[in-house]
Amino acid sequence: LQHNNDNAGFIMSIIDKILSVIAPHDCINCGKEGLIICDKCLGKIPAIQPRCFKCLQPSADWITCLNCRPFFPINRLIIAKEYTLKSKAIVWKLKNDGVQEAARIMAREMAKILPKSPEFNKLLIVPSPTSHRRSRQRGYDQAKLIAKELQKLTNLSYANPLRRKDDIHQVGANIKTRKEQLQDSFEVIRHIQVKNQHILLVDDVVTTGSTLESAARTLINAGASEVWAICFAHPRLRKIQTEA
């Protein structure tokens, strides 16, 4: 199944590149021809100031604060952009329109904000896996595409040791339901790739954080030394950023 998805994703990537030459994308905001969003419009999507993801208080380099650390397995949850109409449109292009160029745009914005701390060069990029059903529908796993693009930009190592054990559909579920659904929903299929590693989990959008938290606990239980996470956008932080 994974092999078939990889082949389908590769074919769709080639088609996407050919179409971008024959019929270039128009900017989703201003209509300029060339990319799905031009650099000017992309730059207008507000960045988010570094915060502890759990309590949302300002925190240097997105470090999970000391008060929240005992209850959250992710050392840093890094988020590039507010979830505005423009960033939502970029995500939609990748997840629903098959435009893989969106993965490159998202990865580029994520690479810009990765903290260059002493731990940076130790990081192993790992995609947070999409459900099998969604991957089959799209022909690819969008988190994997973003993770591979991020690997090219950072020269960090890449591995894909995580797998979902279910096909939970979480859209519309509340926080409590999400956490209950996601308990024991991941498994590590290549323990040798995880043991003693400093993991950077990659996903497109984070909402409650339950998916990343579950994936991080699975990795730590499999022997990972620590887990960071990075995402393109987060809806909940938009209002908080405006009020700050």
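Me: What makes strand 4, residues 123–127, count as largely enclosed by the rest of the structure?
Reply: In this predicted model, five of the five residues of strand 4 are buried, so the strand is largely enclosed by the rest of the structure. L123, I125 and P127 point one way while L124 and V126 point the other way, and all of them are buried.

Me: How do you know that strand 4 pairs with strand 8?
Reply: Pairing requires at least two bridges between two strands, and five bridges join strand 4 to strand 8, residues 198–205, so the two are paired, and they run parallel. Within this pairing, L124 stands opposite I199.

Me: Why is the contact of R104 with E101 called a salt bridge?
Reply: The closest N and O atoms of R104 and E101 are 2.9 Å apart, and the cut-off is within 4 Å, so the contact qualifies as a salt bridge. The two residues are three apart in helix 4, which means that about one helical turn separates them.

Me: Why is E101 called buried, and why is R104 called partly exposed?
Reply: E101 has a relative accessible area of 17%, and buried means under 20%, so E101 is buried. R104 has 22% relative accessibility, which lies between that limit and the 50% above which a residue is exposed, and therefore counts as partly exposed.

Me: What makes K152 exposed?
Reply: K152 has a relative accessible area of 55%, and exposed means over 50%, so K152 is exposed. Its salt-bridge partner E149 has 14% relative accessibility and, because this is under 20%, counts as buried.

Terms used. Residues numbered from 1 in each chain as written. Predicted model: local features only at pLDDT ≥ 70, side-chain atom pairs only at ≥ 80, totals over all residues. Heavy atoms only, no water. Buried < 20%, exposed > 50% of the residue type's maximum accessible area, 1.4 Å probe, protein only. Helix = DSSP H or I, 4+ residues; strand = E, 2+ residues; numbered from the N terminus. Salt bridge = Lys/Arg side-chain N within 4 Å of Asp/Glu carboxyl O.
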